[in-house]
Amino acid sequence: IKLIFNINLEDCSYMFSGCENILKLDFISFNTFFVTKMNYMFYRCINLKEINLLSFDTTNVRDMSYMFFECENLVNLDLSSFNNKKVTEISNMFYSCKNLCSLELSNFNFKNDYDYNGIFYNCDKLKAVNLSNQDIKKFDNFKDLFFYSIKNIPIFV
C-alpha cells in the first residue's frame, strides 16, 4: 500500500491498528508535522514486513507507546528520521517484534524522562542495540526493557 496524504492530522493513534493483512506500507507524502499522538498506530499489524517512515516528521509527537506492538513479521525498521524530543510515552513501542533484526535509532533521543517498560520486550532476533550516545544514568524505569531479548542483544553503552 502506498499512501499519499495531504491532511493536517493531529492524532494518528490506532490508524492501522489490527490491520493483519497489510504486508508493506510506503508513506510517500504523509504530513505528520501536526501529529501529537502515534500510539498504537501499527498495533498488531502482525503480517507487516516492510514499512517506510522516512517521510514522517515527528517533531510534535508526544506519544509513541505501543506504536509497533506485536508487528511480528517486521524485519528492518529505520527510524533515523524520527525526532522524539517532545515524546513522553514510549513504553512497549517494539513489544514482541519477534523478527525484528535491524533497528535504526541513531537519532533517537533517550534523554527524556519517560517510561521505558517493555520497549524491546521479546525482540529476540535483534542483532544489536546501540545506546552509546545515551546517558543511561537518567533512565528511571528499565523494567522489562530487554526481557526475553537480553541473551541475544549486544548492548553498547
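Author: Let us begin with the charged pairs. The model is a predicted one, and a search of the whole structure finds 3 salt bridges.

Reader: What is the general idea behind such a pair, and where does glutamate 20 find its partner?

Author: Side chains of opposite charge can pair when their charged atoms come close. In this structure, glutamate 20 forms a salt bridge with arginine 44, at 3.9 Å from N to O. Glutamate 20 lies in the loop between strand 1 (2-5) and strand 2, and arginine 44 in the loop between strand 2 and strand 3, so the pair ties together parts that are 24 residues apart in sequence. Glutamate 20 is partly exposed, at 36% relative accessibility, and arginine 44 is partly exposed at 28%.

Reader: Which side chain meets arginine 44 in a salt bridge at 2.4 Å?

Author: That partner is glutamate 70. Glutamate 70 lies in the loop between strand 3 and strand 4, so its pairing with arginine 44 ties together parts that are 26 residues apart in sequence. Glutamate 70 is buried, because its relative accessible area is 17%, under the 20% cut-off. Through shared partners, Glu20, Arg44 and Glu70 are joined into one network.

Reader: Which residue forms a salt bridge with lysine 24?

Author: Lysine 24 pairs with glutamate 50, their closest N and O atoms being 3.9 Å apart. This pair links distant parts of the chain, with lysine 24 in strand 2 and glutamate 50 in strand 3, 26 residues apart. Lysine 24 is partly exposed at 43% relative accessibility, and glutamate 50 is partly exposed at 46%.

Reader: How many helices and strands does the chain contain, and which residues have the most contacts inside the largest nonpolar core?

Author: The chain has 0 helices and 7 strands. Its largest nonpolar core has 38 residues, and those with the most contacts inside it are Phe42, Leu53, Phe68, Leu77, Met93 and Phe94. Strand 2 supplies the largest share of this core, 3 residues.

Terms used
Residues numbered from 1 in each chain as written. Predicted model: local features only at pLDDT ≥ 70, side-chain atom pairs only at ≥ 80, totals over all residues. Heavy atoms only, no water. Helix = DSSP H or I, 4+ residues; strand = E, 2+ residues; numbered from the N terminus. Core = buried A, V, L, I, M, F, W, Y, C linked by side-chain atoms within 4.5 Å. Buried < 20%, exposed > 50% of the residue type's maximum accessible area, 1.4 Å probe, protein only. Salt bridge = Lys/Arg side-chain N within 4 Å of Asp/Glu carboxyl O.
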